[in-house]
Amino acid sequence: MSTVKPNNDPDCFNRVRIVLVNTTHPGNIGAAARAMKNMGLSQLYLVEPKEFPSETAVWRAAGAAELLDSAIVVNTLDEAISECRLVVGTSARERRIPWPLLTPREFGDRAYFESQQHDVAVVFGREDRGLTNEELHKCNYHVHIPANPEYSALNIATAVQVLCYEYRMSVLAAEQGGPVHFDDWDQPPADNKMLEAYYHHLQETLERLSFLEPGNPRQTMTRLRRLYNRTRLDVMELNILRGVLTAMQNYIFHTEKKLENLDNSSEK
Ligand code: SAH
């Protein structure tokens, strides 16, 4: 997203991380590592895996065991994605609030393009129940592999394989001058940490305005997250919006002070 055209930086593979959330079976972690290495990816993040390190994982990783040695284990999804400027969540089914959706092929192109310039995360869910809505709402896009609608949940390592393959195909297509076109941009997109701080600030301000009930934002914050995530806020836009919220909070503070002073003087 700069004016610089993608130049097929071979390091782009190291800017795409695969994030596995709360994986139950260590064999799946090993199989995912193998799928990644086959496609040239190496950055594996594990959010609270049930069992890791594990012999089963090493066995299933076969020649990709070094990805397990260098895997980064964290406690929360936020830690795994905080400096990523593109976050894509994967889902085996449609969700209640639809989110901007990419096909696996569109995902490959977008991840290729953005990984020329910044870190990209692809997030995979639990074997039994996928990602929570809260986790999915941290993503810019969702991607669904259009499998048989009557049996659409792939094994997690197979899903990792499909998306890593699409990414690799897009990199190879671009190397051959293939059709990867995106708009140029003058500012980098905001990263996940900046966005989370913004949403916190926004909710706090909306509560101060009594637009939201304190502690009970219902679906409103989800819909606002979706709105902002869809626009891909850049760093400058995000700073402007933070400035607006700060100005609103200052205004509320001074207005309340003035009213207090009026009250006090009328009581005298
Ligand atoms: N019963 C769970 C299935 C989870 S499958 C559910 O309904 O969500 C485990 C993980 O594999 C998912 O969280 C997702 O990361 C990935 N996955 C499985 N099938 C997929 C598909 N068709 N498209 C995209 N990701 C998929």
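Helices (H or I, at least four residues) and strands (E, at least two) are DSSP runs, numbered from the N terminus. This is a predicted model, in which local features need pLDDT of at least 70 and side-chain atom pairs count only at pLDDT 80 or more, while totals for chains, interfaces and linings use all residues. Residues are numbered from 1 along each chain as its sequence is written, and side-chain values use heavy atoms, with hydrogens and water left out.

Start by selecting alanine 62, in the loop between H2 and helix H3 (65-69). Alanine 62 isn't a glycine, yet its phi is positive, about 50°. Now pick proline 53, which sits in the loop between strand E2 (43-47) and helix H2 (55-61). Check the peptide bond from phenylalanine 52 to proline 53: it's cis, with omega near 0°.

**The ligand**

Then look for polar contacts, meaning pairs of N or O atoms within 3.5 Å. Arginine 93 puts a polar side-chain atom 2.6 Å from a ligand oxygen atom. Backbone atoms take part too: a polar one of serine 91 is 3.2 Å from a nitrogen atom of the ligand, and an N or O of aspartate 128 is 3.1 Å from a ligand nitrogen.

**H1 against H7**

Select helix H1 (residues 26-38) and helix H7 (residues 156-175): their axes come within 8 Å and cross at roughly 15°. (Axes are lines fitted to C-alpha atoms, for helices over the stretch in contact, and angles run from 0 to 180 degrees between N-to-C directions.) That makes H1 roughly parallel to H7, a label for angles under 35 degrees. For the contact itself (heavy atoms within 4.5 Å), show Asn28, Ala31, Ala32, Ala35, Met36 and Asn38 in H1, which meet Ile156, Ala157, Val160, Gln161 and Cys164 in H7. The contact of H1 with H7 has 8 nonpolar, 3 polar and no charged residues; Ala, Val, Leu, Ile, Met, Phe, Trp, Tyr, Cys and Pro count as nonpolar, Asp, Glu, Lys and Arg as charged, and the others, Gly among them, as polar.

**H8 against H10**

Last stop: helix H8 (residues 192-208) and helix H10 (residues 235-267), whose axes come within 10 Å and cross at roughly 25°. That makes H8 roughly parallel to H10 as well. By class, their contact has 12 nonpolar, 4 polar and 4 charged residues.

Technical notes: Angles under 35 degrees count as roughly parallel, over 145 as roughly antiparallel, 65 to 115 as roughly perpendicular and the rest as oblique. A polar contact is a pair of N or O atoms within 3.5 Å; within protein, one must be able to donate a hydrogen and the other to accept it, and residues adjacent in sequence count only if both atoms are side-chain atoms.
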